[in-house]
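Please keep the sequence and the structure at hand while reading.

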Amino acid sequence: MNICRDSETISTGDGVVEVKGWVQDIRNLGGISFIVLRDRHGTIQITLPKKKIDPELFEKLTTLPRESVVSVVGEVKSSDQTELGLELIPLSFELYSKADVPLPMGVVDKVNVEMDTRLNNRFMDLRKPEIRAIFEIKSMMLELLNEAMANNGFSQVSTPKLVESGAEGGATLFELDYFGKPAYLAQSPQLYKQMLMSTGLDRIYEIGPAFRAERSNTNRHVTEFISFDGEMSWISSQSDIMKMIENIIDRILKGLKEKGKKQLAILGKEISVPPVPYPVLTYSECLRMLEKAGMKLNEGDDLGTEGEKLIGDLMSEKGHELYWIHEYPEVEKPFYIMEKEGTPYSFSFDLDYKGQEISSGGQREHRYDKLVERMKKKGMDTESFGFYLDAFKYGMPPHGGWGIGIERMLVKMLDLQNIREAILFPRDLSRLSP
């Protein structure tokens, strides 16, 4: 609770203090009334013995609509009837903002509310401690991520989100008019972070928005999300990248387990920290596992949502929450992924978490001629990627990288049911407001 005097006064249960917050609940029991006042730190009980309180003060406080915002000055008293072990006897109050009635949704009411209602009234939804805890954990997650990257010698960068061409092209680009010519919202910083590998900035990362115009209205797809992208040079193989990701995720999970104890307790969740290195499966092994489990896929087929879930169940039975799937067919991977010469496969990987992909990456093709050849193989117009290809003409070290969906990782970590629960104001096929 935000106490506007020193915290020692409130903990010892004496003195006069000022508290500020939202009126969460009011209970009138004849000769005595109680108000529960809430802020981001918790709640405090304000006790109003009718015979000991100024009648006008009593009337004004006990008739406030729920969720009104007030400041209350009162005397602290010890109490074994409250969670804090104390209560406040009011002397005066100030009304900052009177809440309208009825409320669009409850804050502490034990009533299930539809997802659309929650998102339409997100300002109210976030007053719930268990909802707010998700975003406090998300904030800690990003803080730990920045620490991990700094400790591993990475520089943080920012790349354009208005671009002339997409990193992966296709129908998932949002097109817009840019002073009379077409432009697009960036799907990822892929092209730019590879270009930076030619500059001497040999370890970089970005945390920023990414946009996908996917017509998928599921609990795991949105059109705008936060992507954590990294790129590193002088690698010997894609294993170097995988080890780096393991190092980063291990630090995040351990850090949240310690720093997020309060929020995890509110959510009733525990974070497990799988040992590193994580198990490694090949794409072909996954096909065999699925076939054995009764799901037949042909070589080159996408594992799909159901395939990912089934692999997740099979790995969970073996005690593995995080695991790699690598050596995907090169035809299924973007042009910038390096082919595994002499095979139909590529130096690529996914990191799956409880049956869902949270990261994709791999070794990039750094050789100019091979890269152009691969782009033509994909039917791409190399002339429209001149700005990108120029960076490969004049000396490009071997490199690789990854992208991790921050919200996807958070969803699996906290076992949330819908990715929209991990985004303050989600964007999808039908939602552009608030």
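In this predicted model, the lining of the second largest pocket receives its greatest contribution from α5, which supplies five residues. The helix α5 spans residues 129–151, and it is joined by β2, β3 and α8 in supplying at least two lining residues each. The lining comprises 23 residues, and those that lie nearest the centre of the pocket are Gln 24, Gly 42, Thr 43, Pro 129 and Ile 266. By class, the lining residues divide into 11 charged, seven nonpolar and five polar, and the space in this second largest pocket is about 570 Å³.

The elements that each supply at least two lining residues are listed here with their ranges.

| Element | Residues |
|---|---|
| β2 | 32–39 |
| β3 | 42–49 |
| α5 | 129–151 |
| α8 | 261–267 |

Elsewhere, three strands form an open sheet in the order β7-β9-β8, and their pairing is antiparallel. The edge strands, each of which pairs on one side only, are β7 (162–163) and β8 (175–178). Between β8 and β9, the latter covering residues 181–185, the antiparallel pairing extends over four bridges, and Tyr 178 stands opposite Lys 181 of β9.

As for confidence, the average pLDDT of the protein is 93, and 95% of the residues score at least 70. Residues 5–9, however, have a pLDDT below 50, and this stretch has six contacts in the model beyond near neighbours in sequence. Where pLDDT is low, the predicted coordinates should not be read in detail.

Note on methods:
Residues are numbered from 1 along each chain as its sequence is written. This is a predicted model: local features need pLDDT of at least 70, side-chain atom pairs count only at pLDDT 80 or more; totals for chains, interfaces and linings use all residues. Side-chain values use heavy atoms; hydrogens and water are left out. pLDDT is the predictor's confidence in each residue, from 0 to 100. Contact means heavy atoms within 4.5 Å. On a 1 Å grid over the protein atoms alone, a cavity is a set of points where a 1.4 Å probe fits but cannot get out, and a pocket is an open set with protein on both sides within 12 Å along at least five of seven lines; lining residues have an atom within 4 Å of a point. Grid points are joined across faces, edges and corners, and a volume is the space filled by probe spheres set on the points. Ala, Val, Leu, Ile, Met, Phe, Trp, Tyr, Cys and Pro count as nonpolar, Asp, Glu, Lys and Arg as charged, and the others, Gly among them, as polar. Two strands pair if DSSP finds at least two bridges between them.
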